[in-house]
Amino acid sequence: MFFQTSGRSIRNRLHNLAVTPAASVRELSATTSSKQQHSSSHIEPLTSNRGSTNSDSAPVESKAEIMNDAYWKVAEEYKRLSYILSLGFHNPLKKAFIKKLAPSPGERLLDVAGGTCDIAKCYLGYQDKVNKDRMSTVHVVDFNPGMLSVGKRYLADTQWMHDGRVTFAQGNAENLIDIPDNSFDAYTISFGMHNLENRDKALAEAYRVLKPGGRFACLENGHADSPIMRTFHNWHWYKISPFLVGLLTNSRASYEQLVKSARNFPHQREFVKTIRNAGFYCHGQGYEPMLGGIMVAFLGVKPKYVPQEE
């Protein structure tokens, strides 16, 4: 099967192993400059509408402006774009992703870059149906007001909104200034990590706002190791998808910006090292391939206890 879900067993293993030795818990400051340079080498320039180019090493405002502009233009069509980019597996992917997170009743989820509210819907749907829970909540943060507006309309008539189980805020994943330390049970970011200027800062913020024992889950574009899957993926992204986007939407130029950002995301074996350097414990290889490695779910946990060095 393409969807390799492990459900609650993954969560239980992570919680049981959340008390980790000091050697396996590395602070974010321990990330070496050589690793940062290696990560940056995977990033190709993004082109702004003004004709300038900006790499991941450019000032934060440059890439933020480019991506914010792209998302403003695609906000109303983003669900359709997501359907095209994910080969039609958009909703099943996110449901499988939440199943891997294996939520417990009454938990507070922080969903970052979650403006469309797809993850919020999957999470609360899981809580309602699987856990028979009506107390869990989701706080959705997105840097783009247009995307948040789409998400609010998407859930506007749901009982979840009427019950106050979904809240919204415009914010930056790299500086969650309004969110206190140790305040959430779980943190998700779905197809948003690749848009960030500084992923180290975003991971540090995720670590900070999670409670000890809290779970981190990131769904991202992967790099398929199979030559056949890799060839198919490239063919889909660079041949079929542009044609369909041009045919079905008015977002061809913005689509190309989003594809550049997504395709320059580091290989999963490299990114999981960054997650571990931020202090998270990741069981096994730290990620689970989906759709043959075209998509990847990264799973980690904030240790319940970090031994102090003497």
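**Salt bridges, rings and cores**

Mentor: Start with Asp225, which counts as partly exposed at 48% relative accessibility. Keep in mind that this is a predicted model.

Trainee: Which side chain does Asp225 meet in a salt bridge?
Mentor: Arg269, at 3.3 Å from N to O. Arg269 is partly exposed, at 43% relative accessibility.

Trainee: Where do Arg269 and Asp225 lie?
Mentor: Arg269 is in helix 12, and Asp225 is in the loop between strand 7 and helix 10 (227-248). The two are 44 residues apart in sequence, so the pair ties those parts together.

Trainee: How many salt bridges does the structure hold?
Mentor: It holds 10. One of them joins Asp128 and Arg134, with the closest N and O atoms 3.4 Å apart.

Trainee: Asp128, is that buried or exposed?
Mentor: Buried, with a relative accessible area of 16%. Arg134 is exposed, with 53%. Asp128 and Arg134 also belong to one network with Arg165, through salt bridges that share partners.

Trainee: And what does Asp185 pair with?
Mentor: Lys211, in a salt bridge whose closest N and O atoms are 3.2 Å apart. Asp185 sits in strand 6 (residues 184-190) and Lys211 in strand 7, so the pair ties together parts 26 residues apart in sequence. Asp185 is buried, at 16% relative accessibility. Lys211 is partly exposed, at 30%.

Trainee: Switching to rings. How many aromatic pairs are there?
Mentor: A search of the whole structure finds 6. Take Tyr207 and Phe280: the ring centres are 5.3 Å apart and the planes are at 75°, so this pair is edge-to-face.

Trainee: Why edge-to-face?
Mentor: Because planes over 60 degrees apart count that way.

Trainee: What does the Tyr207 and Phe280 pair tie together?
Mentor: Tyr207 is in helix 9 (residues 199-209), and Phe280 is in the loop between helix 12 (268-277) and strand 8 (287-290), so the pair ties together parts 73 residues apart in sequence. Phe280 is buried at 0% relative accessibility. Tyr207 is buried too, with a relative accessible area of 16%.

Trainee: What sits over the ring of Phe184?
Mentor: The charged end of Arg108, 4.3 Å from the ring centre.

Trainee: Back to helix 12. Which of its residues are buried?
Mentor: Gln268, Phe271, Val272, Thr274, Ile275 and Asn277. Thr274 has a relative accessible area of 18%. Leaving aside neighbours within four places in sequence, Thr274 is in contact with Asp200 and Leu203.

Trainee: What comes just after helix 12?
Mentor: Gly279 takes a positive phi there, of about 110°.

Trainee: Which residues other than glycine have a positive phi?
Mentor: Ala102 is one of them, at about 50°. Lys132 is another, with phi near 50°. Most residues other than glycine have a negative phi. Ala102 lies in the loop between helix 5 (90-101) and strand 3 (108-112), and Ala102 is buried, at 0% relative accessibility. Lys132 lies in the loop between helix 6 (118-129) and strand 4 (137-142), and Lys132 is exposed, at 65%.

Trainee: How do strand 8 and strand 9 run?
Mentor: Antiparallel, joined by 4 bridges. Glu288 has Ala297 in strand 9 as its bridge partner. Their hairpin has 4 residues between the strands, and Leu291 takes a positive phi near 55° in that hairpin.

Trainee: Last topic, the largest nonpolar core. How many residues?
Mentor: It has 32, and Ile98 and Val140 have the most contacts inside it. Helix 6 gives the most to this core, with 6 residues.

Trainee: What is Val140 in contact with?
Mentor: Leaving aside neighbours within four places in sequence, its contacts include Asp111, Cys117, Leu148 and Phe168. Another core lies apart from the largest one. This other core has 29 residues, among them Leu176, Ala202, Leu210 and Phe271.

Conventions
Residues numbered from 1 in each chain as written. Predicted model: local features only at pLDDT ≥ 70, side-chain atom pairs only at ≥ 80, totals over all residues. Heavy atoms only, no water. Phe/Tyr/Trp six-rings, centres within 6.5 Å; stacked < 30°, edge-to-face > 60°. Buried < 20%, exposed > 50% of the residue type's maximum accessible area, 1.4 Å probe, protein only. Lys NZ or Arg CZ within 6 Å of the ring centre and 35° of its normal. Core = buried A, V, L, I, M, F, W, Y, C linked by side-chain atoms within 4.5 Å. Contact = heavy atoms within 4.5 Å. Pairing = 2+ DSSP bridges. Salt bridge = Lys/Arg side-chain N within 4 Å of Asp/Glu carboxyl O.
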